[in-house]
Amino acid sequence: MNDVRRPHSIVNMARLDVIVDKFVALWRLTSVRQNFPWIFLLLSIVGSILKELEVVPKTYFSSSKNLINVYFVKVSWGWTILLLTPFLLLSNSSINRNVFFLFRRLFSLVVATVIWYVGTETFFYIEDVTGSCYETESMDILNDEFTSKAICRRAGLHWQGYDISGHSFILTYSALFIWEEIAPMAYLNTATLSTLPRIVLCVLYVALNGIVMIWTWMFACTSVYFHDPSHKLLGTLCGILGWYVTYRVWYLKPLSPGLPPHRQPKEQKQHT
């Protein structure tokens with residue numbers, strides 16, 4: 001009987017493998033690998049044009065109170081780190097168990113967190129120093145008593161400053177960060193792993209791909225429903241810049257966290 005009917009866990013693992021293989025195949029496409037970072041810039045430009053033309057109808061996602069925005073986007077960096085940390089540990093240790101190598105790869109999480117923190121705090125500072133407090137939403141009655149956004153908002157008034165889109169920045173940067181770090185899955189033979197690590201790694205990989213899809217969708221919603229064009233474009237460019245400076249410039253240098261295993265220059269040539 002055991003030869004005829006496979007255990008339920010084996011069937012589920014087979015289904016999970018199929019999903020993993022589909023995502024791996026997607027990211028292996030040359031057109032996707034070359035153009036994914038620039039999709040965000042395109043979405044920002046096209047979305048901004050559509051917003052200014054007011055041709056996109058209001059939907060559930062045009063409200064900032066939609067559940068995905070509240071429970072995912074507003075804590076997007078938390079989701080990114082929560083899922084990516086164990087995946088990075090499992091995937092990298094499956095390829096190279098050298099402690100120094102693992103430490104360097106984990107340090108990429110620290111670098112990314114610093115970029116996220118500095119970027120968002122800088123945006124808050126710019127909005128604070130360029131803004132003014134107003135009595136009404138129409139911004140026609142200036143209030144000189146309050147000189148910072150926090151104090152103005154606590155007083156129940158309205159602050160108007162140069163508000164670089166933090167959503168555009170963090171969704172772009174998070175998606176590109178995850179995209180780079182999950183790529184070793186395409187070169188990892190999960191069949192050599194024991195059952196539990198294999199299942200955990202595959203589940204994390206699928207979840208991270210789901211997060212990338214959510215970030216991309218919510219980025220598109222931000223582009224067509226929120227912020228001024230220059231605010232979104234600048235936020236998007238900052239996100240792309242953070243990714244480019246690390247993964248295309250600094251991580252190629254010896255004194256850096258280094259690229260994910262598949263992106264080492266020699267291996268990259270072999271797989272091209």
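Entry 1: I began with the largest pocket, and its volume comes out at about 960 Å³. I kept in mind that this is a predicted model. I then asked which residues lie closest to the centre of the largest pocket. Of the 34 residues in its lining, the closest are Asp163, Ile164, Gly166, His167 and His227.

**Entry 2: who builds the lining.** I listed the elements that give two or more residues to the lining of the largest pocket: α4, α5, α6 (149–154), β3 (158–160), α7 (166–182) and α8 (195–225). The largest share is six residues, and it comes from α5. By class, I noted twelve nonpolar, 14 polar and eight charged residues in the lining.

**Entry 3: α4 and α5.** Both helices had turned up in the lining, and I looked next at how they pack. I found that the axes of α4 (residues 76–95) and α5 (residues 99–129) come within 10 Å and cross at roughly 165 degrees. An angle over 145 degrees counts as roughly antiparallel, and therefore α4 and α5 are roughly antiparallel to each other. I also wrote down that their crossing is right-handed.

**Entry 4: the contact.** Which residues of α4 meet α5? I noted Trp77, Ile81, Leu84, Thr85, Leu88, Leu89, Asn92 and Ser93 on the α4 side. The α5 residues they meet are Phe101, Leu102, Arg105, Leu106, Ser108, Leu109, Ala112, Thr113 and Trp116. Sorted by class, this contact of α4 with α5 has eleven nonpolar, five polar and one charged residues.

How values were computed: Residues numbered from 1 in each chain as written. Predicted model: local features only at pLDDT ≥ 70, side-chain atom pairs only at ≥ 80, totals over all residues. Heavy atoms only, no water. Axes fitted to C-alpha atoms, helices over the stretch in contact; angles between N-to-C directions. Helix = DSSP H or I, 4+ residues; strand = E, 2+ residues; numbered from the N terminus. Parallel < 35°, antiparallel > 145°, perpendicular 65-115°, else oblique. Left-handed = near helix turned anticlockwise from the far one by under 90°. Contact = heavy atoms within 4.5 Å. Nonpolar A, V, L, I, M, F, W, Y, C, P; charged D, E, K, R; others polar. 1 Å grid on protein atoms, 1.4 Å probe; cavity = no way out; pocket = protein on both sides within 12 Å on 5 of 7 lines; lining within 4 Å. Points joined across faces, edges and corners; volume = space filled by probe spheres on them.
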